[in-house]
Amino acid sequence: MSASKETEGAVAVITIRNPPVNALSQQAVESILKVLKEVQFDPAVKAIVICGENGKFSAGADIRTFENIGQKSDSLSHFLEDVNSMAEKSEKPVIAAIEGVALGGGLELALGCHYRVAHVKARLGLTEVLLGIFPGAGGTQRLPRLIGLLPALEMITTGKIVFAPVALKLGLIDSVTEDNTIKAAIHFAQNVIGKPLESRRLCTKPIQCPPNMETIFNDSKIKLKKLFHGAISHQLCVEAIRAAVQLPFAEGILKERELLFSIFNSEQARDQAKARQYAFFAERRVTKWTTPSGANWKSASPHPIGVAAVIGLGTMGRGIVVCLAKAQIQVIAVEQDGKQLEMGRKAVTKILERETLTMQQRGLALMSDSFGSITFTLDFNSLKNADLVIEAVYENMALKKEIFKQLSSICMPEAFLCTNTSGLNIDEIASVTGRPHLVIGTHFFSPAHIMKLLEVVRGYHSSPTTISTVINLSKVLGKIGVVVGNCPSFVGNRMMGPYLHQAIFLLEDGCYPEEVDKVLEEFGLAMGPFRMSDLVGLDVGWRSRMESGLTGPKLLPGALVRQREGKRYSPLPDILCEKGRFGQKTGRGWYQYETVGGRNAVPDPWVQNFLHDYRKAHTIKQKPTSQNEILEWCLYPLINEGFNVLEEEIASGPEDIDVIYNNGYGWPRHMGGPMFYASMVGLPKVLTKLEVFYENNPDIPSLKPSGLLKKLVKQGSPPLKEWRSQLGYQNSKL
């Protein structure tokens, strides 16, 4: 954790050394400050270049130091602003040579320099808001002065990261190079020696503002409230930027620091920051996977994937093809029907065209080989050269087994065979092959080319090499792979079951879809259960229930059944489906929509009347339910199922569950994830509520408190990081 100085001619090069990403710990910042002071007083030095070691400028402040920020005047942000101020006031030109990343405090350091030279592939952003805080070392004051109010407002309030070519257009950097960045920065420095620096000091530069500033700030806060329900840091960003507009620079710096300190003086804001930082580390933790047998990420090396195949070009298959092509992997896309093949080809081409446009807008140069080549074919034998095959056909076990039986005879003996099933038994699929150790589940989330989550479902025979290969592939695809066990619906969808059931039971007991959705969306979920169901399509679950014999016209010939096999069962979704109300795809579901396929959900009087008549037919007395009760009735059963998942060793730790929900189910990151949220609420409270729920509703098995939850409460509710030690996994300390 240090900074060192070398000289090339009249240029001093200060190098930040704190591997792996040159994080700005307090020791590193103090070292930079010390070296910067030395070169300021060295008469032989006429210009200064600041860079990072090993191709990375700086990924920002060391997150492990965040707990101390704002608690005393010598906080890290204070020290970093001292460095920035010294660089900015220097009479010698200071140039930041940006390679790899300049994020958070790293970009704030670069903003304190007079000039910025960046490699074409460098990424820049003030990302602190994504960790529950905001730029506290002058970032909110300098960036608007450099690139203008509107683009600065967007970058700071959302944590947006831009590539160097876009940064150049914004005026964030002064030069882009495809060559050695440090040499380019030294050359740049030599050319600006002796030139006036006053116009380069952001502390003296006025902000170019449109006339309707207050409207802009207010609209921004409203937009951020919709995007990040209840998240405090985003709102404080707006106030800090408002200070940059309204106050002189020095006073703006003080206001920025005051707002940053307010986060650590507020229990709610501190909890949100802890949750986001936990989520950050959890995503890194899940890459160090383990299995109940003790096999883990250290026990096997991944195989490279040069050629991948996708079977089935429906919605999921198309998205998976795009993912692979974007990762520059050669793809073989297989369909059994010529019409479906052509439809798939057109859909994939259209998506890739949009991706190309997006890349251009982000300033990424496109080469002829930016995407991997795609071969569309009806020939199953073309799969013989694939290193890995992903089956993405309809959720039908017989069909999948037939495909895997064929794959076992066609593919290379060492080829990995993956299924995109969202809940079918991996071991049953693997049983028809001659290589069950190479069979694994790859549960992509829709739309597959956008969603970051990939549930990697290990079968009983899945080898460590197979798991390692797919986890590595997830990284290549830009996704977060989480290893889970094989059980019906796996982790994410399994936990959604009790959540959705309870939401429907709330309708039986007197609530309406819009009431339930509003509470859960204000909590921070991207969508409430009923808007989500309409988006996915109510018919998806309905057809699955009919295939398994749980419902259907023969079982429900107009009669309303409230129990099945001794368990409470609500036929409400089935009745809606029988009436053709499938959601957005039909323009009617739990809500009504202006058009078929429309997105604007409007409360439907028909649904309200239908629910009223249903309750009357079953003599259910409508009872008032508070917002807090709605939240507890929906979230606590979901959390309880999470404890069951841990107890059954389907997930290796609470972080796995939280990463799945943060990245696949729209859980608010400032709430950490379901299991983190349970730890913050308090396990005794969750257990007590579940016990009351179950006592009053013994016909709902999902309300029965998990044995692991009861065990943890009995042990005094240890911190979440200690839960793993209570699980049956070997080698639990990775």
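Which residues have the most contacts inside the largest nonpolar core?

**Figure 1. The largest nonpolar core of the predicted model.** This core comprises 102 residues. Leu383, Leu407 and Val516 are the residues with the most contacts inside it. Helix H23 supplies the largest share of the core, namely 11 residues. Apart from this core lies another one, of 69 residues, which includes Val83, Cys113, Leu143 and Leu153. In soluble globular proteins, nonpolar side chains tend to be buried together.

**Figure 2. Surroundings of Val516.** With residues up to four places away in sequence left out of the count, Val516 touches Ala503, Leu506, Leu507, Cys511, Pro529, Phe530, Ile630 and Cys634. Among these partners, Ala503 and Leu506 also belong to the H17 side of the contact between H17 and H23, while Ile630 and Cys634 belong to the H23 side.

**Figure 3. Packing of helix H17 against helix H23.** Helix H17 spans residues 492–508 and helix H23 spans residues 627–647. Their axes come within 8 Å and cross at roughly 155 degrees. Because of this angle, H17 is roughly antiparallel to H23. The crossing of H17 past H23 is right-handed. From H17, the residues in contact are Arg494, Met495, Met496, Pro498, Tyr499, Gln502, Ala503 and Leu506. They meet Ile630, Trp633, Cys634, Leu635, Pro637, Leu638, Glu641, Gly642, Asn644 and Val645 of H23. Classified by residue type, the contact of H17 with H23 contains 13 nonpolar, three polar and two charged residues.

**Figure 4. Packing of helix H2 against helix H10.** Helix H2 covers residues 76–89, and helix H10 covers residues 249–264. The two helices pack at an angle of about 160 degrees, and their axes are 12 Å apart. H2 and H10 are therefore roughly antiparallel to each other. H2 passes H10 in a right-handed crossing. On the H2 side, Ser77, His78, Glu81 and Glu88 take part, and they meet Phe249, Ile253, Arg257 and Leu260 of H10. By class, this contact of H2 with H10 has three nonpolar, two polar and three charged residues.

**Figure 5. His78 in helix H2.** His78 is partly exposed, with a relative accessible area of 24%. The residue is also one of those through which H2 meets H10. His78 and Ala137 are separated by 59 residues in sequence, yet their C-alpha atoms are 6.5 Å apart in space.

Methods: Residues numbered from 1 in each chain as written. Predicted model: local features only at pLDDT ≥ 70, side-chain atom pairs only at ≥ 80, totals over all residues. Heavy atoms only, no water. Axes fitted to C-alpha atoms, helices over the stretch in contact; angles between N-to-C directions. Helix = DSSP H or I, 4+ residues; strand = E, 2+ residues; numbered from the N terminus. Parallel < 35°, antiparallel > 145°, perpendicular 65-115°, else oblique. Left-handed = near helix turned anticlockwise from the far one by under 90°. Contact = heavy atoms within 4.5 Å. Nonpolar A, V, L, I, M, F, W, Y, C, P; charged D, E, K, R; others polar. Core = buried A, V, L, I, M, F, W, Y, C linked by side-chain atoms within 4.5 Å. Buried < 20%, exposed > 50% of the residue type's maximum accessible area, 1.4 Å probe, protein only.
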